[in-house]
Amino acid sequence: MKEIEITCRLGKELSADEIQTAALKALGVSPKAKMQIKYRIVRRSIDARNDILYRYKVEVFRPDEVMPDYVLEEYKDVSSSEPVIIVGAGPAGMFAALRLLMRGFKPVILERGKDVHARKFDMARLSKEGDVNPDSNYCFGEGGAGTFSDGKLYTRSSKRGDIREVLHQLVRFGADPSILIDAHPHIGSDRLPVVVENIRKCIIEHGGEYHFDSRVTDIVKKGDGSFDVHVGASDVYSSRKVILATGHSARDIYEMFDRKGWELQAKGFAMGVRVEHPQSLINRIQYHGKYQPYMPTAEYSFVTQIEGRGVFSFCMCPGGILVPASTASGELVLNGMSNSQRNSKWANAGVVVQIEPEDFPEYAQHGPLALLHFQKDVERKMFEYTGSLKAPAQRMMDFCRRVPSSGLPQTSYHPGAANAPLHELLPEHVSLRLKYAFPEIGNKKMHGYYTNDALLLGVESRTSSPVRIPRDPETLEHTQVSGLYPCGEGAGYAGGIVSSALDGINCASRI
Ligand SMILES: Cc1cc2nc3c(=O)[nH]c(=O)nc-3n(C[C@H](O)[C@H](O)[C@H](O)COP(=O)(O)OP(=O)(O)OC[C@H]3O[C@@H](n4cnc5c(N)ncnc54)[C@H](O)[C@@H]3O)c2cc1C
């Protein structure tokens with residue numbers, strides 16, 4: 001096998017003939033030999049540095065070589081196998097369940113929210129009427145926080161496990177196979193619900209269980225080492241092992257741990273604003289004015305350091321919209337999502353500042369929940385400013401100059417934006433660093449980014465968990481409660497769809 005790289009103009013398909021010619025050259029075989037090679041494309045990325053090109057990585061094989069397939073393990077019938085309770089049906093919970101099926105354990109999934117279709121109605125009510133269902137919203141419900149998202153699958157967490165397993169499983173359940181080769185793969189919120197539903201159907205067909213509207217309120221470790229997991233006021237499920245994959249917004253779970261005296265640790269996270277630009281501007285910046293409609297909607301990402309703290313873009317949604325990601329009434333949180341076509345006229349991204357527990361000593365009295373209380377207070381302050389899910393908003397240059405905006409541009413955020421002094425509403429730790437970051441990005445990295453056509457909306461505060469549920473690095477069990485596996489983003493060991501899925505696989509593998 002030889003890996004070759006081929007470049008190709010955007011808007012043009014790479015042909016089999018082109019690959020054949022390049023492959024023969026790479027293998028040192030004369031084209032006259034008419035040797036029919038085998039090949040597969042393993043990666044496609046866009047190079048927009050000069051001429052805008054697709055860059056393909058292709059594995060080529062001589063006719064006598066075997067081209068190995070990626071083989072996924074089969075799922076077993078687990079109807080009468082030992083149950084393992086999984087709390088939460090997000091990426092971590094779903095992929096833990098799939099791994100349990102492969103290894104012959106019966107996943108019993110307890111999910112506080114509704115199935116992916118019923119969930120859509122609650123999200124529509126949330127956006128249109130401002131009515132927050134605390135169990136069914138953009139963070140809670142089947143598929144977890146990632147279902148109604150951009151479905152970006154790009155991750156740097158290759159050391160956590162086999163990313164290809166996650167991608168191949170997603171394709172098995174209905175995702176477009178292009179995610180297997182794209183350098184920045186994404187699925188889109190119009191396609192993710194089908195994938196999530198197909199995963200559920202597979203788990204149930206093989207003997208696993210799903211229980212919706214099942215908020216876990218207590219976990220009791222019994223004398224024989226097994227667990228009673230309490231749902232609502234009266235239901236109890238039992239098993240020897242429990243995977244806890246409740247995501248970064250399940251504050252009641254952290255509070256339950258705190259009440260029980262089970263170890264938790266304060267953890268840093270990041271907070272800032274959602275920034276919305278016209279997508280046409282981002283296309284112009286990223287493609288140096290050469291954007292054509294057949295090109296993918298442009299993305300961006302950046303990281304910088306201001307006053308000893310990281311400031312970075314987070315969960316950029318090209319051609320996306322802003323959504324209210326609150327999980328309780330009286331709080332305001334924004335996030336972003338896109339459909340598979342990424343075809344709205346806006347580009348949005350979180351631009352956030354790293355926060356460490358020592359940055360806010362006034363919250364130290366809350367022990368490991370210090371930053372959770374801080375996060376809650378900021379979200380409440382944002383809500384109180386408008387008295388609704390309308391987001392306090394300010395134009396970018398006005399924010400940096402500390403002056404009010406006279407009128408706001410249009411926004412994709414359905415509940416609407418209210419003209420507000422965001423520079424004062426945000427904690428100074430965040431506000432001051434953003435003030436310096438935006439002009440720097442505009443001057444040094446993306447000319448045109450720093451503009452008053454960009455709108456900042458507050459607050460982006462659910463970037464990762466502000467609490468860690470510590471676990472043994474080898475067994476992945478909680479440091480004090482054996483048999484309990486804190487898992488995924490809520491435990492503080494993952495961030496994003498793929499890394500949470502990998503963590504789910506790892507916890508299930510340990511079991
Ligand atoms: C709008 C939005 C867009 C996003 N876009 C992207 C993206 O494009 N790419 C990306 O990689 N990441 C994205 N993310 C982040 C990503 O969704 C998360 O990192 C990922 O879903 C975390 O997976 P998880 O399984 O650990 O937790 P979650 O997905 O949060 O799942 C936790 C599940 O547990 C359930 N639960 C919570 N408490 C209880 C309880 N007490 N009892 C029973 N069930 C409970 C919840 O209802 C939820 O379904 C986005 C997030 C949001 C909100």
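Colleague: How far is an oxygen atom of the ligand from an N or O atom in the side chain of Ser500?

Modeller: This is a predicted model: local features need pLDDT of at least 70, side-chain atom pairs count only at pLDDT 80 or more, and totals for chains, interfaces and linings use all residues. Residues are numbered from 1 along each chain as its sequence is written, and side-chain values use heavy atoms, leaving out hydrogens and water. A polar contact here is a pair of N or O atoms within 3.5 Å. For the side chain of Ser500 and the ligand oxygen, the distance is 3.3 Å.

Colleague: Which residue has a polar backbone atom 2.9 Å from an oxygen atom of the ligand?

Modeller: Glu111 uses a polar side-chain atom, 2.5 Å from a ligand oxygen. The backbone atom at 2.9 Å belongs to Lys152.

Colleague: What percentage of the area that the ligand exposes when taken alone does the protein bury?

Modeller: Accessible areas come from the Shrake-Rupley method with a 1.4 Å probe. Taken alone, the ligand exposes 990 Å². The protein buries 96%.

Colleague: Which domains does the ligand lie between?

Modeller: The bounds come from an automatic or database domain assignment. Both domains give residues to the shell around the ligand, so the ligand lies between domain 2 (83-263 + 469-510) and domain 3 (266-460).

Colleague: How many of the 511 residues of the protein chain, as a percentage, count as buried?

Modeller: Buried means under 20% relative accessible area, with a 1.4 Å probe and protein chains only. Of the 511 residues, the buried share is 56%.

Definitions and conventions. A polar contact is a pair of N or O atoms within 3.5 Å; within protein, one must be able to donate a hydrogen and the other to accept it, and residues adjacent in sequence count only if both atoms are side-chain atoms. Buried means under 20% relative accessible area, exposed over 50%, partly exposed in between (1.4 Å probe, protein chains only).
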